[in-house]
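The following explanation accompanies a structure and its sequence.

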Amino acid sequence: MKLTHSQAIEFDCSCALNQRESQIVNGNVVKLKFEDRGNNGKNPVTARDSAILSNLKLEKSRHSIDLNLPLNSESKKISSLTEYTVTVLLIDDQEMIGEAVRRMLANEKDIKFYYCNDPAQAIKKALEVKPTVILQDLVMPEIDGLQLLRFFRGNSLTRDIPMIVLSSKEEAELKAQAFSLGANDYLVKLPNPVELIARIRYHSKAYMHLQERNLAYQTMQDYLVKLEIEQKKSQELLLNILPEAIAERLKKEQGVIADEFAAVSVMFADIVGFTQLSASISPKKLVHLLNDIFSKFDDLAEKHGLEKIKTIGDSYMVVAGLPNPRADHGDAIAEMAIDMQEAIVKYREEFGLTISIRIGIHSGPVVAGIIGTKKFIYDLWGDTVNTASRMESHGIPDGIQISDATYLLIEDKYEFEKRGLINVKGKGQMAAYLLKGRLEVDF
């Protein structure tokens with residue numbers, strides 16, 4: 001079969017497109033033929049011939065890299081597959097490999113390349129440059145590549161960095177061992193540049209997403225810790241206002257909380273001489289003084305398991321037997337009263353103050369709970385509360401005056417002075433006793 005000169009060119013081109021192995025050869029043939037046409041001028045190149053040659057050049061460029069191009073060339077290249085900056089660290093004792101990989105990545109604007117030829121310095125270098133992916137050889141002097149994998153995975157700062165093994169060995173057992181030690185990928189070097197860049201971006205993007213998730217998780221954990229601290233502060237503030245059992249109920253219940261208690265002991269204590277003292281010291285010092293005294297009383301209430309209800313000016317109110325009922329509420333309130341009296345004596349002697357304390361106690365039933373919706377407190381209501389208040393107001397300085405009801409609860413454990421009947425406002429005649437101290441027990 002006879003072919004024209006133009007048909008021969010087309011035949012050569014089609015062979016080049018269908019057979020990659022003959023691609024460059026056929027391309028050169030076409031090039032020579034085109035040059036020959038240009039030289040003799042007898043067979044000028046047609047527009048169709050020019051298009052065929054352009055296709056050949058384009059196909060050739062897809063499968064080859066020109067290492068003579070400037071490393072910072074601004075020529076067109078494949079657009080970045082990630083919006084992140086990729087940082088690559090290559091660990092290989094052969095500088096020729098390092099230079100080859102560098103050239104492969106040189107024109108990728110989103111990729112930063114670092115090289116380490118000493119495996120002993122690899123982790124130090126990684127901590128310095130913070131790579132998003134590590135390329136690592138398996139056969140290196142001093143440190144075996146598999147051992148280096150162990151080191152990277154054993155370090156908390158590098159264990160999550162993706163690692164791509166570049167090795168001339170293709171044994172399946174070696175690949176399996178590398179993966180078992182933490183390798184993320186395995187490529188036979190030197191790999192195709194397009195594939196290498198794609199894998200670098202893929203693993204880097206996954207790693208950076210992992211870092212973002214870890215950061216988000218840590219941020220959430222920090223927030224939860226702060227939230228827990230704030231919740232603890234809120235709980236402590238709430239417990240400064242309400243008993244713990246009532247605080248827990250208030251979180252769950254809406255509306256009025258009111259409970260009846262058949263047997264409790266209520267105490268009122270008043271600082272005698274405090275009004276006169278306020279005329280001789282500044283208001284700020286006065287408040288600090290009262291805070292010191294009442295803080296000591298709070299410690300005693302906690303020590304004896306009593307519930308502080310409130311302070312009113314220079315008066316202090318506490319109760320035994322609620323919100324958790326106790327059979328020894330009379331004993332507990334008596335111990336509290338004696339300790340309060342001793343604390344005031346020490347305070348008076350230490351600071352040279354002319355103050356004393358007047359205490360009144362009564363035992364009986366009460367209603368306790370919370371009313372209102374704003375600035376609420378846990379409070380007590382009932383005749384027992386009123387009588388305890390009268391025991392205090394009708395008492396004497398440095399005296400602990402108790403009602404007959406309280407006396408009957410503790411008469412065999414303490415020393416008393418009988419006051420007889422006293423006229424109590426709103427109550428009439430009532431028997432009253434002065435608690436003098438604890439009975440001494442002989443062994």
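**Confidence, backbone and a pocket**

For the chain, the mean pLDDT is 81, and 80% of the residues reach 70 or more. This is a predicted model, in which local features need pLDDT of at least 70 and side-chain atom pairs count only at pLDDT 80 or more, while totals for chains, interfaces and linings use all residues. Residues are numbered from 1 along each chain as its sequence is written, and side-chain values use heavy atoms, with hydrogens and water left out.

The backbone comes next. Most residues other than glycine have a negative phi, and most peptide bonds are trans. The bond from Lys-189 to Leu-190, however, is cis, with omega near -10°. Leu-190 is placed in the loop between strand S5 (185-188) and H8; helices (H or I, at least four residues) and strands (E, at least two) are DSSP runs, numbered from the N terminus. The peptide bond from Leu-322 to Pro-323 is cis, with omega near 0°, and Pro-323 lies in the loop between strand S8 (315-320) and helix H12 (329-351).

Positive phi values are found at Lys-130, near 55°, and at Asp-398, near 60°. Lys-130 belongs to the loop between helix H5 (122-129) and strand S3 (133-137). Its relative accessible area of 60% makes Lys-130 exposed, where buried means under 20%, exposed over 50% and partly exposed in between (1.4 Å probe, protein chains only). Asp-398, in the loop between helix H13 (383-393) and strand S11 (399-403), is partly exposed at 35% relative accessibility.

The second largest pocket holds about 620 Å³ of space. A pocket is an open set of points on a 1 Å grid over the protein atoms alone where a 1.4 Å probe fits, with protein on both sides within 12 Å along at least five of seven lines; lining residues have an atom within 4 Å of a point. Of the 24 lining residues, Leu-239, Leu-242, Leu-306, Glu-307 and Lys-308 lie nearest the centre. Helix H8 (193-241), helix H9 (244-252), helix H11 (283-304) and strand S7 (307-312) each supply at least two residues of this lining, and S7 gives the largest share, five residues.

Key
Points joined across faces, edges and corners; volume = space filled by probe spheres on them. pLDDT = per-residue confidence, 0-100.
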